[in-house]
Amino acid sequence: MKTLVIGHRNPDMDSICSAIGYAEFKRATGMDGVIAARCGNTNQRIDFALNKFGLEAPVFFADVYPRIEDVMQRNVVSIHRDAPVYQAMTRFGEDKFRGLPVVDDARNCIGLLSAFKLGKYLFPPIENLSSSRIVEASIAHIREAIRGMLITGREDAVIRPRTLVVAAMLTDSFKKRLEQLDIPSTVLIVGDRWNIQELSILAGVPAIIITNNFSPPDKILALAQEHGTTLLSSPHDTATTTLLARAAVTAGQMLSPDFACLSADATLRQTRNDLAMTSQFAFPVLGPQGRMQGIISKSDLLRPAPRQLILVDHNELTQAVAGAEELPIVEILDHHRIGVAPTQQPILFMNRPVGSTSTIVADCFRMARIPIPKPVAGLLMCGMISDTLNLTSPTTTAVDREIMQELSKICGVKPGDLANEIFSVGSPLLTLSTKEVITADCKEYDERGVLFSVSQIEEISFSQFEKQRSALLEELEKYRLSHGYFFATLLITDVNTQNSVLLVRGNESFTRLIDFPEDGLHAWRLDGIVSRKKQLLPYLTETLARMA
Ligand SMILES: [Mn+2]
């Protein structure tokens, strides 16, 4: 069982850092198979934080939909097309499939060998009994199938129709029988009836199986060698030998060539629907190159995927990795509003109104009295600094301040220094296109049917902004029109001075009500305002209300 600790879509610093930190915590408490995961790209600031503390980015998952490869059997028992089917029969009991895939030299699946079809072949319906004497096989395969030994002669390796003839009759009757036989295809099965064998050798029968391990007298042996007759011995009686000899037929002749294959990356949900009505017993699973990677039975499709989730920094499925609804969610750690979907089982759900999820993770270590590894402590500081703008955002609590102090002591890095480093790398205005600046961290809101968007970026000064002011205003208007928003805003926050500039494009009936000091066309100065959810959003909704 793998447990993915994963943050929300469009992951921010806190999402990444808390996932890494909590995965570490779960491992420290003895949980196996825990991995930190992410469902979106990191940005330059996150990469900087990971680099600084020498930690790897969480493993990327575009989605977590359970797939065929999660539940298929990987060590496939298959049978080569030229192998006798008795090899397959010995394996039907060992695996739970009612058949086996038949492969060619390149191990590509060319058909399925069904136990049901094989049973019908070995015990044919009464109207087909005469055909049951013909077996298309080589002498070598017949010897293998009866677990016999070569006494003398050449083992014909050519696969062709052979007529199994049992000589359980008087010599005179057998003489008449011989006249009706197609001699070149005959394989005679007989016990210690040496006169019958002599007659057959003289008639040119190419192969004789002597049952019950009887040894032929020297006279018969010499006669066989003289006429080029192959003599085999079987450890079984005549009835058993005849039955086993029929299983010398090759898998290639018995396979069903019409079969469905599945692709390893197909989702279980879709496959269950697709296969509901088919009667095929097993499905070869093909990888990207069409090679067989595994096999799956219909009952495998009902098995749960060996994966479960721990959500950090979000609790609403709309924000979670695609496919989260199909896996068990076993824990949630968060600091946002509660919008969690009902769960099947009781789970650990820790939601605390603190500045960051990284704060909660650090507190888990503290409560369990588990020392936090230095790099993890540093990374958790990064998550906290990013979410709380180094403890200055109105979302900051006393718990955050206390925990930041402790983490700082553990890793020997001052929060102020770390904050400066984080915010001075990867300035969105320096590293992103104007379009990306608006979409990087953009949230859409629906206030009683009025749609608008609020984007936010953090910078360490407004100097870059001044250079791009007009381009940003133009792009913001394009963005608004393309999404049909009533208005679109971009909040540019200077994390050093704790001031922001707000750009707004939209209907003038709304923008003329904005009563912050103007800062040029379509722009306002918002001194002391840094939080989108706690400060800006309430102002915007209140302004909308004033319009009415
Ligand atoms: Mn957060």
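Which domains does the domain assignment of the chain give? In this predicted model, the assignment lists domain 1 (2–66 + 306–424), domain 2 (71–120 + 253–298), domain 3 (139–235) and domain 4 (428–547). Domain 1 and domain 2 are each written as two segments of the chain.

## Overall shape and content

The C-alpha trace spans about 120 × 50 × 40 Å along its principal axes. The radius of gyration of the chain is 38 Å, whereas a compact globule of 548 residues would have a value near 24 Å.

The secondary structure comprises 21 helices and 23 strands. Of the 548 residues in the chain, 41% are buried. When contacts between residues at least 6 apart in sequence are considered, 64% of them join residues at least 24 apart.

## Domain 1 and domain 4

The C-alpha centres of domain 1 and domain 4 are 28 Å apart. Contact between the two involves 8 residues of domain 1 and 9 residues of domain 4. On the domain 1 side, the residues that touch domain 4 divide by class into 3 nonpolar, 5 polar and no charged residues.

## Nonpolar cores

The largest nonpolar core contains 79 residues, and Val5, Ala19 and Leu380 have the most contacts inside it. Both domain 1 (2–66 + 306–424) and domain 4 (428–547) contribute residues to this core, so it lies between them.

Ala19 illustrates the packing in the largest core. Residues up to four places away in sequence aside, Ala19 touches Val5, Ile6, Gly7, Ala36, Ala37, Arg38, Pro58 and Val312. Val5, one of these partners, is also among the residues with the most contacts inside the core.

## The β4-β5-β6 sheet

Three strands form an open sheet in the order β4-β5-β6, and their pairing is mixed. The edges are taken by β4 (79–80) and β6, each with a single partner strand, so one side of each has no neighbour in the sheet.

Strand β5 (residues 99–103) and β6 run antiparallel and are joined by 5 bridges. Leu100 has Leu113 in β6 as its bridge partner. The hairpin of β5 and β6 has 5 residues between the strands, and Arg107 in this hairpin takes a positive phi near 65 degrees.

## Arg269

Helix α12 (residues 268–275) contains Arg269. Is Arg269 buried or partly exposed? Arg269 is partly exposed, because 14 other C-beta atoms lie within 10 Å, while a residue needs 20 or more to be buried.

Apart from neighbours within four places in sequence, Arg269 is in contact with Tyr65 and Glu326. Arg269 and Arg307 are separated by 38 residues in sequence and by 15 Å in space, C-alpha to C-alpha.

Definitions and conventions:
Residues are numbered from 1 along each chain as its sequence is written. This is a predicted model: local features need pLDDT of at least 70, side-chain atom pairs count only at pLDDT 80 or more; totals for chains, interfaces and linings use all residues. A nonpolar core is a set of buried Ala, Val, Leu, Ile, Met, Phe, Trp, Tyr and Cys residues joined through C-beta atoms within 7 Å. A residue is buried if 20 or more other C-beta atoms lie within 10 Å of its own, exposed if 12 or fewer, and partly exposed in between; C-beta atoms are placed from the backbone. Domain bounds come from an automatic or database domain assignment. Two residues are in contact if their C-beta atoms, placed from the backbone, lie within 7 Å. Ala, Val, Leu, Ile, Met, Phe, Trp, Tyr, Cys and Pro count as nonpolar, Asp, Glu, Lys and Arg as charged, and the others, Gly among them, as polar. Two strands pair if DSSP finds at least two bridges between them. Helices (H or I, at least four residues) and strands (E, at least two) are DSSP runs, numbered from the N terminus. The radius of gyration is taken over C-alpha atoms; the globule rule is 2.2 Å times the number of residues to the power 0.38.
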